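Work through the exercises below with the structure in view. Try each task before you read its solution.

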Amino acid sequence: MIKKFFIIIWIALFLVNFETKASAFEHSTIPVGNAFIPKGTILKVELTRGISSKYAKIGDKVPLRLLENLIINGVVILESGTDVKCEIIKRQKAALFGRGGKLEISVISIKAVNGLEIPLQYTQKNYGKDEVAATMALLPTIATIIGGVFVTGSNVFYKPGLRFEIKMPEDIDLKVPADKLREIMVKKESASITISRQ
């Protein structure tokens, strides 16, 4: 009886494991044999210039750069110092009556050394301090309204050198066969001129 029970448990665990692997295989979007950046890979980036909710505008580019090489199978795919495409998607400067500023940026993509654009998904949002409590602490009614005009919340400021990490949300296809990665994933050489005297 006990032996039969353990056999049933083993079969159940086997089927669950098999279904999990099958499901993962079915949902893979990477062609068999292609090189890819694995899900969960961390990219460390740095802000190269400060931005503030006081002056920024929606759509402004955010100056980010990659801090470390990303190497796949011994080949540099993303090079340290590469600019990361990022922009401001929400912004509100601090206002009267104690309202704090808001600033939200969205990381969009980065280019591999061969020019392939790698999509990224990451948002960073911050809110300035609201001073509503300070406003409400003033005398009520007319005095509150008048006093609120002079109470401003704080703006959001991202200092230059701010670092954060971007995690790949899924496997990213490099659109290159793994055995051709080193051959294809190379920097494009600048145009050169060769002169020979007759």
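**Exercise 1.** Find the loop that holds K57, and decide whether K57 is buried or exposed.

*Solution.* This is a predicted model. Start with the position: K57 sits in the loop between β3 (51-52) and β4 (64-66). Next, take its relative accessible area, which is 56%. Exposed means over 50%. Therefore K57 counts as exposed. Last step: look at its partners.

**Exercise 2.** Classify D60 by its accessibility, then give its C-alpha distance to I88.

*Solution.* D60 also belongs to the loop between β3 and β4. Its relative accessible area is 30%. Buried means under 20% and exposed over 50%, with partly exposed in between. So D60 is partly exposed. Now the distance: D60 and I88 are 28 residues apart along the chain, and their C-alpha atoms are 5.5 Å apart.

**Exercise 3.** Is T41 buried or exposed?

*Solution.* Locate T41 in the loop between β1 (34-37) and β2 (42-47). Its relative accessibility is 14%. The cut-off for buried is under 20%, so T41 is buried. Then check P169: 128 residues separate it from T41 in sequence, yet the C-alpha to C-alpha distance is 8.4 Å.

**Exercise 4.** Describe how β7 and β8 pair, and name the residue opposite R91.

*Solution.* Strand β7 covers residues 83-92. β7 and β8 run antiparallel and are paired over eight bridges. Opposite R91 stands L103 in β8. Finally, consider cover: β8 spans residues 102-111, and seven of its 10 residues are buried.

Terms used:
Residues numbered from 1 in each chain as written. Predicted model: local features only at pLDDT ≥ 70, side-chain atom pairs only at ≥ 80, totals over all residues. Heavy atoms only, no water. Helix = DSSP H or I, 4+ residues; strand = E, 2+ residues; numbered from the N terminus. Buried < 20%, exposed > 50% of the residue type's maximum accessible area, 1.4 Å probe, protein only. Pairing = 2+ DSSP bridges.
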